[in-house]
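Thanks for coming. I have one structure to go through today, and I will start with the overall picture before turning to single residues. Please have a look at it first.

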Amino acid sequence: MPTSADVARLAGVSRATVSYVLNNAEAVRISEPTRRKVRQAAEELGYVPHAAARSLRAGHTRIVLLPTSHVPIGPPYSAFLSELQWSLRRLDYTVVEYGSLGLSGDEAARAWAELRPVAVISLGEIALSAHNVATLKRAGARAVITMGPAGVPGAHPLVMDQSEVGVRAAAHLVERGHRRIGVVVPEDEGLELFSAPRLEGARSVADAVIEPLPMAYSEESAAALAARWRSLGLGAVFAYNDEYAMLLMRALLDEGLRVPEDVAVMGADDLLIGRLLRPRLSTVQIELPSGDHLAELVDRAVREPSEITQRHDLMAAVAVRREST
């Protein structure tokens, strides 16, 4: 197994220089030609730094733990999380995705703490408490970042307020002259994190009478809802997101109902396929920050743990009118 001493001999530099280069030390100034020479020697020998040894020297790891999502998330969110991981990697963090399905807050905090992450980014699917945050910090986490709908004491709150999506959808339909509006509530397990605040956001819109409509993500469930639509007395529907909206719109058309003349249909997430439908699907476009922006917030929280305490709203939403409304 090659060692840093072997790399130093091949590159003609000291072991300290090898360590500074391969650990991306910013405090020491090393010329770019020397950096290239060290990296080339390490690549030729197949040498990689020992993560545990580096962690002992630094007093902490460079692991950012990201619990894997156990609910279906749409393309805007999956693209955002992928960009975040690339951005963290460019800042020399190692992103570890952790399968946390079925774990409670206490169980998850203990399991995550075993990896000694320098930061944890919780997506909000597991409800963390102040005690859980303290457990992680005792294990060396310099920052615990929550991205759910509400903050957690001791953690850095980066809020993704899904209620704004419901507000924008319902307000758009009210502006189009609709007062009695159905809101699809997915029956599929795990989506309450998104669907419950979207429903509450729609309910907060003045002049809107909201009717929750349970529906599973299946053609059969959409067809069953469409079959009784005439008896509901609803002129419009916010169908949770674009995928549920497309399912329901197809079922409504099959029932002989016209969109938007008989039923105005609104989705969310602004998927490309919604623009290819006829009629084109009106939607709520969700605006998320860049992965670089969030990675910089994470890095700042790690370097200056006491600095980021205020709430950061990560999400904005805007209604996009197309032919379906």
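Some ground rules. This is a predicted model, in which local features need pLDDT of at least 70 and side-chain atom pairs count only at pLDDT 80 or more, while totals for chains, interfaces and linings use all residues. Residues are numbered from 1 along each chain as its sequence is written, and side-chain values use heavy atoms, with hydrogens and water left out.

The protein has 13 helices and 12 strands. Helices here are DSSP runs of H or I with at least four residues, strands are runs of E with at least two, and both are numbered from the N terminus. The radius of gyration is 25 Å, well over the 20 Å that the globule rule gives for 325 residues, so the protein is more spread out than a compact globule. That radius is taken over C-alpha atoms, and the rule is 2.2 Å times the number of residues to the power 0.38. Along its principal axes, the C-alpha trace spans about 80 × 40 × 30 Å.

Of the 325 residues, 49% count as buried. Buried means under 20% relative accessible area, exposed means over 50%, and partly exposed is in between, with a 1.4 Å probe and protein chains only. As for contacts, meaning heavy atoms within 4.5 Å, 73% of those between residues at least 6 apart in sequence join residues at least 24 apart.

Now the inside. Which residues have the most contacts inside the largest nonpolar core? They are Ile 121, Met 147, Trp 229 and Val 265, in a core of 73 residues. The largest share of this core, 8 residues, comes from helix 11, residues 242-254. Apart from it lies another core, of 15 residues, among them Leu 65, Ile 126, Ala 139 and Ala 155.

Take Val 265 from the 73-residue core. Not counting residues up to four places away in sequence, Val 265 touches residues including Ala 245, Met 249, Leu 252, Ser 324 and Thr 325. Ser 324 lies in the segment after strand 12, which is 316-320. Is Ser 324 buried or exposed? Ser 324 is buried, with a relative accessible area of 0%.

Pro 260 is joined to Val 259 by a cis peptide bond, with omega about 10°, and is placed in the loop between helix 11 and strand 9, 264-266. Pro 279 is joined to Arg 278 by a cis peptide bond as well, with omega about 0°, and lies in the loop between helix 12, 272-276, and strand 10, 283-287.

Next, helix 6, residues 105-113. Its buried residues include Gly 105, Ala 108 and Trp 112. The buried residues of helix 6 pack against strand 1 (63-67), strand 2 (94-98), strand 3 (119-122) and helix 7 (130-138). Ile 126, from the core of 15 residues, is placed in the loop between strand 3 and helix 7. Ile 126 counts as buried at 9% relative accessibility, and its contacts beyond four places in sequence include Gly 105, Ala 108 and Trp 112. Glu 114, in the loop between helix 6 and strand 3, is exposed, with a relative accessible area of 64%.

Arg 198 counts as buried at 2% relative accessibility. Beyond its neighbours within four places in sequence, Arg 198 is in contact with Tyr 77, Phe 238, Asp 269 and Ile 286, among others.

Last, two aspartates with positive phi. Asp 92 has phi near 70°, lies in the loop between helix 5 (75-90) and strand 2, and counts as buried at 15% relative accessibility. Asp 207 also has phi near 70°, lies in the loop between helix 9 and strand 7 (209-215), and counts as exposed at 57% relative accessibility.

That is the end of the tour.

Technical notes
A nonpolar core is a set of buried Ala, Val, Leu, Ile, Met, Phe, Trp, Tyr and Cys residues joined through side-chain atoms within 4.5 Å.
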